[in-house]
There are 2 protein chains.
Amino acid sequence: MNATTPSAPPSPPAPSSPSSPQKILIVSAHPESDSLNASLTDFAVGHLRAAGHEVRVCDLYAMKWKATVDADDFPDLAPDERLHVMAASEDATLAGRLSADVAAEQEKVRWADAVVFQFPMWWFGPPAILKGWIDRVFTAGFGYGPKVPPPYSEGPLAGRRALVSVTAGARGTAFSDRGIHGRLADVLYPVQHGLFWFTGMAPLEPFAVFEANNLPAEEFETAKQEYARRLNGLFTDEPVPFRSLVGGDYDHDMRLLPGVEEPGIAGLDLHVRPG
Amino acid sequence: MNATTPSAPPSPPAPSSPSSPQKILIVSAHPESDSLNASLTDFAVGHLRAAGHEVRVCDLYAMKWKATVDADDFPDLAPDERLHVMAASEDATLAGRLSADVAAEQEKVRWADAVVFQFPMWWFGPPAILKGWIDRVFTAGFGYGPKVPPPYSEGPLAGRRALVSVTAGARGTAFSDRGIHGRLADVLYPVQHGLFWFTGMAPLEPFAVFEANNLPAEEFETAKQEYARRLNGLFTDEPVPFRSLVGGDYDHDMRLLPGVEEPGIAGLDLHVRPG
């Protein structure tokens, strides 16, 4: 090229996110389409897509998700057959004979590189519709059980990341280390460690918006900025360093070996590796 | 009376339970009427009635309990009105305008001197149908909120006792103090402290049957004996000594004051008074 040739347009700037495009499933559980939770889900969808990621959303209320495990989930169960939930779910999963709604959700989880739960804290846990998504989708043979890799770190859904994004009416101090509601990470242990880590997913620290009833507009803006930062780190932030079941820290009865923890560590923190 | 008069029949033996008759609500959540959970509920009903107590049972699956909070719960909500769950539930509760199914369950809780939850541990918590009973029944204005007594120890349902009876497929060591699943009391903290204690009910230590899949008959007999012992103590055993919010242990931001706990105490045990 000579000096008179107009210079070529500059290359497009590198994407602001350092990570390559990934697939993200957002499971959202609020009955009001104009709620703070719905706004946070919409924000996450837009933010992640703008960064080049693929996003799918399960809006559980809009889907009219059936929350309760029952015999209808297992079409092969004879009408007079006793329902043993774990056995029936494993049989149906391995035979590819789950009800269609459950099979569709399992496909979404398999597809995803990361799973995000968006929900309001109701009685210190997920709303029933989300608990029912967990109960029904994570069947034996899919999320746990003797026919898949063992739980905790090597579970069948290993390789995925997981993030809880929760809203709570309470102030944050009540969920702080010494807060009376219990530390947020401890209250969410059944999801963080019991579901995500158990099935092999790597959970990040939860993201929370406190005092969420009638949140002022400027605080919603602040919350979105903080959430954006967490979403940017979805594949790069360090996950909660829960201990592996098979890393030598536990005995054959699944108890932490004596003296493995650092002095002063107690409670659920026993199951987190020292920093 | 003289020597030839037949002696009068002895007085009937004193009841084996030292406590006076009480009213007990059992909330049971398993889809199979022939399950271990159903058997434990049936056993509890028989045992408590034999001791002279009044018992009512909510068999949530048999009732086809609606698990999800939604706008249908609040008949006064206009069709195009934004659903703010806490505000709507408080308005409906105080106006006596809750949906009939929720109002009926609240009446049962008010009636009861003790509430027993019977459920299988699914993903480290109650099945969705029971979570949905909690979400829908414990409305603002009934279980919590600014119009009723403050939470923890003095809550609106104070004076009642509460017992979780849970079955789990896992072995007990995995739920022991150092077990990888988390100590049972910690995993159940959202129910024990977050629901029962928060609303003022006094929770007892949970009762659990582990390795509950295909439990041998002799172990079921042992479990029933142990459960009978716990039911006998429903009104006399010492509840979990959770701290009161207003007893001087917490600051105005609901954080435990520095130095209140004994040395070495950490995690959720911070909120239990020293023994």
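Modeller: Please note that this is a predicted model. Let us begin with strand 1 (residues 23-28) of chain A, which runs parallel to strand 3 of chain A.

Colleague: What makes strand 1 and strand 3 of chain A a pair?

Modeller: Two strands pair if at least two bridges lie between them. Five bridges join strand 1 to strand 3 of chain A, so they pair. Within this pairing, A:I26 stands opposite A:V116. On strand 4 (residues 161-167) of chain A, seven bridges connect to strand 3, again in parallel; there A:Q118 stands opposite A:S165.

Colleague: Why is the crossover from strand 3 to strand 4 of chain A called right-handed?

Modeller: The chain passes from strand 3 through helix 4 (residues 128-137) to strand 4 of chain A. With the strands pointing away from the viewer, a clockwise path is the criterion, and this β-α-β crossover is right-handed.

Colleague: Why is strand 3 of chain A described as mostly covered?

Modeller: A residue is buried if 20 or more other C-beta atoms lie within 10 Å of its own. Seven of the seven residues of strand 3 (residues 114-120) of chain A are buried. Among them, A:V115, A:F117 and A:F119 point one way, and A:A114 and A:V116 the other.

Definitions and conventions: Residues numbered from 1 in each chain as written. Chains lettered and ligands numbered in written order. Predicted model: local features only at pLDDT ≥ 70, side-chain atom pairs only at ≥ 80, totals over all residues. Buried ≥ 20, exposed ≤ 12 C-beta atoms within 10 Å, placed from the backbone. Helix = DSSP H or I, 4+ residues; strand = E, 2+ residues; numbered from the N terminus.
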